[in-house]
Amino acid sequence: MACVLETPLRMSVLSEVTASSRHYVDRLFDPDPQKVLQGVMLLYLLQQETSSTELRTECAVVLGSLAMGTENNVKSLLDCHIIPALLQGLLSPELKFIEACLRCLRTIFTSPVTPEELLYTDATVIPHLMALLSRSRYTQEYICQIFSHCCKLRHWHSCGFKSSPQPLLCANGPDHQTILFNHGAVQNIAHLLSSTSYKVRMQALKCFSVLAFENPQVSMTLVNVLVDGELLPQIFVKMLQRDKPIEMQLTSAKCLTYMCRAGAIQTDDNCIVLKALPSLVRMCSKERLLEERVEGAETLAYLIETDVELQRIASITDHLIAMLSDYFKYPSSVSAITDIKRLDHDLKHAHELRQAAFKLYASLGANDEDIRKKIIETENMMDRIVNGLSESSIKVRLSAVRCLHSLSRSVQQLRTSFQDHAVWKPLMKVLQNAPDEVLVVASSTLCNLLLEFSPSKEPILESGAIELLCSLTQSENLALRVNGIWALMNMAFQAEQKIKADILQGLSTEQLFQLLSDSDVNVLMKTLGLLRNLLSTRPHIDQIMSTHGKQIMQAVTLILEGEHNIEVKEQTLCILANIADGTTAKELIMTNDDILQKIKYYMSHSNAKLQLAAMFCISNLIWNEEEGSQERQDKLRDIGVVDILHKLSQSSDPNLCDKAKTALQQYLA
């Protein structure tokens, strides 16, 4: 929309406007430039200090009505820099004008097309808004609503999932929660919870829910705030009472949930176990509106996600597991026949209901085998998950994969239900073409399906999984690299020589050693685990070392010399122990004086785990029954290994002592 300014708008134009005059609102964005000009002039008049307060207030009201129209309306207003104009209007001494500007700002900032950052561009805006909170109940309502919609997280945690409507990432610099907190948001908003206005209390409550979300600093502060002699958690509990509006109950439960997840309230606190959790379960019942059931289930999923005891309590509260099966029954056949409006409503919320149910099932089944069994025995559950994996809605697909991932932690279910329903087929399909957030969870699930006791392992291998997983190890996404190499590690465990060869060919030597030099310790550990599984059983060890021995020994040397943690070096020494167990491969160690000196060094290390791992190497090298053992024993004696064995045979650590004595017996035999 072009911002061309001409003569001021006639008062007669404004006189025809009311907040509900949609005809006028639509006309302001008519393709006819003359009509568009009227909308521009409203903004012009708003900024003219020579205009009367009444006229400027009317302009703000009409612009607010305009912002209630289409998203294109809002975009056009943003293009005309309406936000700086309205923020400037807040400096006026006239309360009615300030309220009109805030109401318009509220409408614009609640639009999905408005960048939240526009509120934070000028550092003086937030403190000024805090000061305006005391002016009237309308300033309180509108400012709290603006804060709620413009408070976004800077940090995103990749593990687990976000179960409630999500704050998103914001740009570099302090996140919005921190900015609001540092400008006294908690202190300025807390007393509004005792306001006589329900709207003010609700907006203050919503503000606290977004401030507390994944924020220990805010949550720890909130837990100690007093309002009229009562601590905030006690006030939130009172707002959970059944005689309060559902919106208030839900938002109070969110506040307690977020404070609990942030560590400010213990998971066994009565306000969680006896108040918040049962209230959220109640929100999942048939009696509630579909929107409330979605919000209740998602918030409950987030509350119990990481706590085993809360998962158990929730699973036996009000038949929750069975109750959630009803979430999959929309739209109902009855509504399709009797009520078109109802059908439209059900269709709109059907995806959200399924997404919420899958999320809550995923949290419920995260740890307890009995709960997983109950979930899977729920009516058509596995069919629903399989169908969910191919839904058009990306959110439903993601939640279905998370649910499958949670249930895949069960050895029993991997062997039964997962095999009966061939869940690996739709899972592999998901992995072929999906956004990273889905790929991360789907590949984690695949890791479980590739464990050696899983009947799905063989058909997954036959479907071309190796190539897919090798490609994941090259991803820039860390979680995908970890999962790709993890799945290959599981695949290689006790595998046939052909599978191991296919993995090595698919990865390529270059990629394998790139993973061994990855800066992330999880990638490094899983790659070492893969190597350890590849280098098992003597024929396989000898075969792999005959083709890749030089590079593997070079990588082992670099890791043992590098600044790595104990677990990494222990895993590396275990790989050497496997190589030492080969028939011909062990010569790659015996002819490498540098490696022999390193094994000797770790035999005398201060860490018992590293000593024991080094001892395994020595035992495999000197074992009497194998050809060439005498020459190997002599060489190791010459470099001082026997002296160290004698010392270790006196160790107070029983494992080290026994291993040293066993090794010495090989010299005496």
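## Basis of the report

Two residues are said to be in contact, or to touch, when heavy atoms of each lie within 4.5 Å. The structure is a predicted model, in which local features need pLDDT of at least 70 and side-chain atom pairs count only at pLDDT 80 or more, while totals for chains, interfaces and linings use all residues. Residues are numbered from 1 along each chain as its sequence is written, and side-chain values use heavy atoms, with hydrogens and water left out.

## The chain as a whole

The chain contains 42 helices and two strands; these are DSSP runs numbered from the N terminus, a helix being H or I with at least four residues and a strand being E with at least two. Of its 669 residues, 57% count as buried. Buried means under 20% relative accessible area, exposed means over 50%, and partly exposed lies in between, for a 1.4 Å probe and protein chains only.

The accessible surface comes to about 29900 Å², and carbon and sulfur atoms make up 51% of that surface. These areas come from the Shrake-Rupley method with a 1.4 Å probe.

## The nonpolar core

In soluble globular proteins, nonpolar side chains tend to be buried together. A nonpolar core is a set of buried Ala, Val, Leu, Ile, Met, Phe, Trp, Tyr and Cys residues joined through side-chain atoms within 4.5 Å. The largest core here has 230 residues, and Phe208, Leu364 and Leu576 touch the most other members. Leaving out residues up to four places away in sequence, Phe208 touches Val186, Ile189, Ala190, Leu193, Leu222, Leu232, Phe236 and Cys255.

## Two helix pairs

Helix axes are lines fitted to C-alpha atoms over the stretch in contact, and angles between N-to-C directions run from 0 to 180 degrees. The axes of α24 (residues 394-407) and α28 (residues 436-449) come within 9 Å and cross at roughly 25°. That angle makes α24 roughly parallel to α28. Residues that form this contact include Leu398 and Val401 of α24, together with Val438 and Val441 of α28.

For α31 (residues 478-492) and α32 (residues 497-507), the axes come within 10 Å and cross at roughly 155°. The two helices are therefore roughly antiparallel to each other. Angles under 35 degrees count as roughly parallel, over 145 as roughly antiparallel, 65 to 115 as roughly perpendicular and the rest as oblique. Ile485, Leu488, Met491 and Ala492 in α31 meet Ile499, Lys500, Ile503 and Leu507 in α32.

Leu588 lies in helix α37 (residues 587-590) and counts as partly exposed, at 29% relative accessibility. Apart from neighbours within four places in sequence, Leu588 is in contact with Met545, Gly549 and Met553. Its C-alpha atom is 9.5 Å from that of Ser546, which is 42 residues away along the chain.

Arg632 belongs to helix α40 (residues 629-638). This arginine counts as buried because its relative accessibility is 5%. Beyond residues up to four places away, Arg632 touches Lys586, Glu587, Met590, Leu621, Glu626 and Glu627.

## Positive phi in two loops

Most residues other than glycine have a negative phi. Asp228, in the loop between β1 (226-227) and β2 (230-231), has a positive phi near 50°. Asp228 counts as exposed, at 67% relative accessibility.

Asn380 also has a positive phi, of about 55°, although it is not a glycine. Asn380 is found in the loop between α22 (369-376) and α23 (381-388) and is partly exposed, with a relative accessible area of 44%.
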